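Hello,

Here is the structure I said I would pass on.

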Amino acid sequence: MVKLIVRQERIGPILGFHPWAFSGAFESIPEGLQAGEPVRLFSKNGGYLASGYFNSYSQITVRVWSYDKDEELDERFFIKRIEKAWQIRKKYVENPLTNAYRVVNGENDFLPGLIVDKYADYLVVQFHTRGIERWKNKIVAALETTFSPKGIYERSDMAVRDIENLEKTKGVLSGSIPDIINILENGFKFLVDVKGGQKTGFFLDQRDKRQALIKYAGNTSILNCFCYTGGFSVYALAGGAKRVINVDTSENAIELAKENITLNGFDISKCEFVCEDVKKYLKNTEEGFDVIVLDPPAFIKDRRKKKEGIAGYRSINEMALRILSGKGILVTCSCSAHLTIDDFRYLLSEAGGKTRQTLSILESYTHGMDHLQLVPFGEGEYLKCFFLSVSF
């Protein structure tokens, strides 16, 4: 295993268990290292610091996956990592009413660059970095050993692979995968398109927010913006909503939303489905709503576009507030990692000021429990959600 020496002045983050080490942290980096090659990090005086894999000569050079100097990169390495991650989810997330959740969340489960989502008896994986891609075969074998799934499907078609100069790819890695998978979430049934849906097919990280919506839904009219396959809508109807308007630009997603509502035994006549750009809908509708859900895609995919993205978030929240009835409820989310929770709160304050409404936070949420986050790894934070009420 290649030995790399960390500069004394750059040891702090590694000692604090931050999972990234940048190129400037090292005394020198040997030429010819290949992405994925295992490395061990040492201080200048020879003290062991961490182990990981080499990823790039620029920016994030090493991604850490161990702090145990005696741990070997043997046949059971990936099995041990995956089993440990799964034990946490089995203890706190999985139950007879929920069989879909994230099993491996990259750096936060000491498998940097790897995402594994479990949908009933199937797994969907993403390889985000060139380094973790090198270990694909061993990881797939470890997943087969640990879960004995009916199938493993790859959805490595994310934009982040462009940064790594990796081709986007998707397809069956093991077993077979149906076009649509039926899952359970908090006792509700959902049809998931893991092959063509967004991300790995379903927004698993919104499970707790959907559950929270139930208590606000009774006898209300609800507008579900960026509704995707109707997750929030199913919970809204379960909470007693009298009417739910679903808006999304994807016809396929809307069709699945209709099926999900029917699948759970709810009256489809209480729903309306609009295939349209949300901004256009918010701008042109004259109808008022008791509850509005805003769960948009990331508006800030690049740090350089932060100002533009903030303006986008402020705009849709301002438009939503203008059609929120009386003392209504706004459920508003951002999944942009480049937008801090403080920035999000400030732009919501600005939207409230523009519409002359004082907003109060009833509840706030971040990542779901299965999307656990290492305390030192602030870069892993991305999801923010506020349940807001209009006070005046």
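**Cavities, a pocket and a helix pair**

The count of cavities of 30 Å³ or more comes to 2. Please bear in mind that this is a predicted model.

The largest cavity has a volume of about 90 Å³. Its lining is made up of 13 residues, with Phe 203, Arg 210, Cys 227, Tyr 228 and Gly 231 nearest the centre. By class, that lining has 6 nonpolar, 5 polar and 2 charged residues.

The second largest cavity holds about 60 Å³ of space. Among the residues that line it are Met 1, Ser 51, Glu 71, Glu 72, Leu 73 and Phe 77. Strands β3 (38-42) and β5 (60-66) each contribute at least two residues to this lining, which by class has 5 nonpolar, 2 polar and 3 charged residues.

Of its 14 lining residues, Asp 193, Gly 196, Gly 197, Asn 252 and Ala 253 are the closest to its centre. The lining divides into 4 nonpolar, 7 polar and 3 charged residues.

Now the helices. The axes of α10 (residues 306-322) and α11 (residues 341-354) come within 9 Å and cross at roughly 45 degrees, so α10 is oblique to α11. The crossing is right-handed. On the α10 side the contact includes Ile 310, Tyr 313, Arg 314 and Leu 321, and on the α11 side it includes Phe 344, Leu 347, Leu 348 and Lys 354. By class, the contact has 7 nonpolar, 2 polar and 7 charged residues.

Regards

Conventions. Residues numbered from 1 in each chain as written. Predicted model: local features only at pLDDT ≥ 70, side-chain atom pairs only at ≥ 80, totals over all residues. Heavy atoms only, no water. 1 Å grid on protein atoms, 1.4 Å probe; cavity = no way out; pocket = protein on both sides within 12 Å on 5 of 7 lines; lining within 4 Å. Nonpolar A, V, L, I, M, F, W, Y, C, P; charged D, E, K, R; others polar. Axes fitted to C-alpha atoms, helices over the stretch in contact; angles between N-to-C directions. Helix = DSSP H or I, 4+ residues; strand = E, 2+ residues; numbered from the N terminus. Parallel < 35°, antiparallel > 145°, perpendicular 65-115°, else oblique. Left-handed = near helix turned anticlockwise from the far one by under 90°. Contact = heavy atoms within 4.5 Å. Points joined across faces, edges and corners; volume = space filled by probe spheres on them.
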